[in-house]
Structures are given as C-alpha cells and as structure tokens.
Amino acid sequence: MLGAILAATLVVVAIGIVWLLTPAFSKRNPTDPNPEYIDPATGSTIPFPHLSERASVYLTIVFPAYNEEERLPPTLDETIQYLKDRQDRDPSFTFEIIVVDDGSKDRTAQIVLEYSSKYGTKIIRLLKPGQNGGKGCAVRLGVNVARGQYILFADADGATSFPDIEKLEAAMKALETKNSSNGNVVVGSRNHLLVNEKVMAKRSQGRNILMHGFHFLVWLFAVRTVRDTQCGFKLFSRKAARVIFPTLYIDRWCFDVEVLYRAEAFGMGIKEVAVNWTEIAGSKLNWKAPINMGRELLLISFLYALGFWKLPVAANN
C-alpha cells in the first residue's frame, strides 16, 4: 500500500512539473521581422520603423487590443483629444498611437483603420500580427516598432485617466536627473485605491482579494520595488524599452512582472505613481487567470535564477 501511495504521489508531482514547465519550452510567439501597417488613404502597406532606430517623435502610446470593438473607441477618443489639445498648446509635442490587434474576432482592426483614415497614419497605426499571442506579446510587438523617445503602454479599456500621463512624465524627468545607465521606468499604480477609503474605485471584492494575494506573491518571488505590477499604464524611456522588450519570454498574464523583474535586474530607475483608475465592464479575466498567473510567476522566479532564461545584454544606446 505504501508503495502504491508513493508511486501515485510521484506521478502527481511529475504531472505538476510538466504542467508548470510547459510554457517555458513551448514555441514562443514570433516577432514579425518585417511588420507593416496599412495606409487607408492609398491602400498601400508601409514598413514600420524599429525600436533600434533613433526616436522621431516624443511619445508613442501602445494599446494592445483583443476583441475591443466596444471599449476601444471611447479610449481612442479621449486619448487623441488630449494629445491634440496638448499639441495645440505646444507644437513641439509630437506623438503616435499604435494599436496592436491581438487576433481579434470582431471589428477591432476595422475600427482602428477608420481612425487611421480620419486622423492619418502619422497619428494612429494598426499593427496586426494575425494571431492571438497574448497581451504581453501584443505589447512587445508594439513597443518594437515604436518611434517615441518615451513609450507608454496602456490598456484599451481606458480604465486609467489618460491625462495622468503627465504624472508619469514628471516622475520620469525626476528619474533622469539620476542618470540611470540603462534607462527608466514609471509605473502607474492603483495601490492607493486599496488603502485610502476616500478614493472611489468601482472594483469587485473578488478582484481586490486576488490583487492582494498576487501582490504578496510577486513581492515574495520576483519584484520588490513596485506594489502594483499589473496596472496597464507604464511609461518607458526608449533606452529602457530597448533593453527590456525585444527578448521577453512571457507573452500572456505575467509579462508585466517580467518587465519589472528585468528593470530591477538592470538597476533601472523605477518609480510607482498613483493614477486615477475606474474598473470598466468587459474584463477578459476568468477562473483560469489566477492559476496561469501563479504558474508564470513561478517560471519567472525559478527559470531566471537557474539560468534557463537569461537576461539580455544591455547595449549602449
């Protein structure tokens, strides 16, 4: 009987190990070596620039989008209005928006092309990889073709008030006075919503509980300098983006954690800044999400520590 129990235990452990490590050795979502965007005015396809090139605008905003035909238009309207108003006040302020359609099955891509037709491709461009690679993959692909001196990735649901980017910029300027050799990262944070009862946030109790538990595990296994790693509102200097993004391993749930893990490992300047945030209906999280996030968190912690995953070489840029 004891032998049977031991054998069954070993089988369960083996299955658990295989389940845990499967994402680490599965085929990684590729980066298109020659990504192109469509110019609706002419119908032609034009090659995107690359992150390795010099910046040609002040700010790039990357929106990963999967089946966002309902939530994306209000977000784009708010973002473009803010950016154009700011440009009217300061003509030297230049920007671009890149929406990465992560294999949507609805009209997300068509909506983005309509905005490109209305505002021009210098303002908004669609990157359509053609398959669902996950939010992390979409962000990575978008950052890799960014033209900005600074690169912000933001969630397509518009949960964070876009004008709060000015808070992130102010923190970025402060970090730049410290001359971090590998660049700087500023992280929008909702942590204050969990500790300050005067701040209004329409957020389900279940998600609050999951957030607290996940924050503790992230602190325990991976990232010590940021309390809210998952807020979809993060600003990077171009130098930091070049070091962090091109070779990320995680393409889905915990890519934010890997991004910040790398930022810490390279000694980048990191600042967490409170932002105004409201829960927007239509979240794509399901019961599998906490399980997958826990698995990816363990992969980040152990595979980097054991040398199976390696940090990129920081180039002079």
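**Entry 1: overall make-up.** I counted the secondary structure of the protein at 10 helices and nine strands. Here helices (H or I, at least four residues) and strands (E, at least two) are DSSP runs, numbered from the N terminus. I kept in mind that this is a predicted model, where local features need pLDDT of at least 70, side-chain atom pairs count only at pLDDT 80 or more, and totals for chains, interfaces and linings use all residues. Residues are numbered from 1 along each chain as its sequence is written, and side-chain values use heavy atoms, with hydrogens and water left out.

I then checked burial: of the 317 residues of the protein, 49% count as buried. Buried means under 20% relative accessible area, exposed over 50%, and partly exposed in between, with a 1.4 Å probe and protein chains only. Contacts came next (heavy atoms within 4.5 Å). Among those between residues at least 6 apart in sequence, 81% join residues at least 24 apart.

**Entry 2: the sheet.** I traced an open sheet of seven strands in the order E5-E4-E3-E6-E8-E7-E9, with mixed pairing. Two strands pair if DSSP finds at least two bridges between them. The edges are E5 (124-127) and E9 (269-274), each pairing on one side only. From one strand to the next, the twist averages 20°.

I looked at one pairing in detail. E3 (residues 57-65) and E4 (residues 95-101) run parallel and are joined by seven bridges. In this pairing, Ala 65 stands opposite Asp 101 of E4.

**Entry 3: helices on the sheet.** I found H2 packed on the sheet, where H2 touches E3, E4 and E5 and its direction makes about 165° with that of E4. For such angles, axes are lines fitted to C-alpha atoms, for helices over the stretch in contact, and angles run from 0 to 180 degrees between N-to-C directions.

H4 (residues 135-144) lies across E3, E4, E5 and E6 (148-154), at about 155° to E3. How many residues of H4 are buried? I got nine of its 10, among them Cys 137, Arg 140 and Asn 144. Their cover includes E3, E4, E5, E6, H8 (238-244) and H9.

**Entry 4: H2 against H5.** The axes of H2 (residues 72-89) and H5 (residues 165-176) come within 13 Å and cross at roughly 60°. That makes H2 oblique to H5; angles under 35 degrees count as roughly parallel, over 145 as roughly antiparallel, 65 to 115 as roughly perpendicular and the rest as oblique. Tyr 82, Arg 86 and Arg 89 of H2 meet Ile 165, Glu 166 and Glu 169 of H5.

**Entry 5: aromatics.** My search of the whole structure gave 16 aromatic pairs. Rings of Phe, Tyr and Trp (its six-membered ring) pair if their centres lie within 6.5 Å; planes under 30 degrees apart count as stacked, over 60 as edge-to-face and the rest as tilted.

Tyr 115 and Tyr 119 are stacked, at 6.2 Å centre to centre with 20° between the planes. Because they sit four residues apart in H3 (residues 108-119), about one helical turn separates them. Tyr 115 is buried at 11% relative accessible area, while Tyr 119 is partly exposed at 24%.

Phe 153 and Phe 255 have ring centres 5.5 Å apart and planes at 45°, so I logged the pair as tilted. Phe 153 lies in E6 and Phe 255 in H9 (residues 255-265), 102 residues apart, and both are buried.

Last, I noted one aromatic cluster formed by Tyr 58, Phe 93, Phe 95 and Tyr 150.
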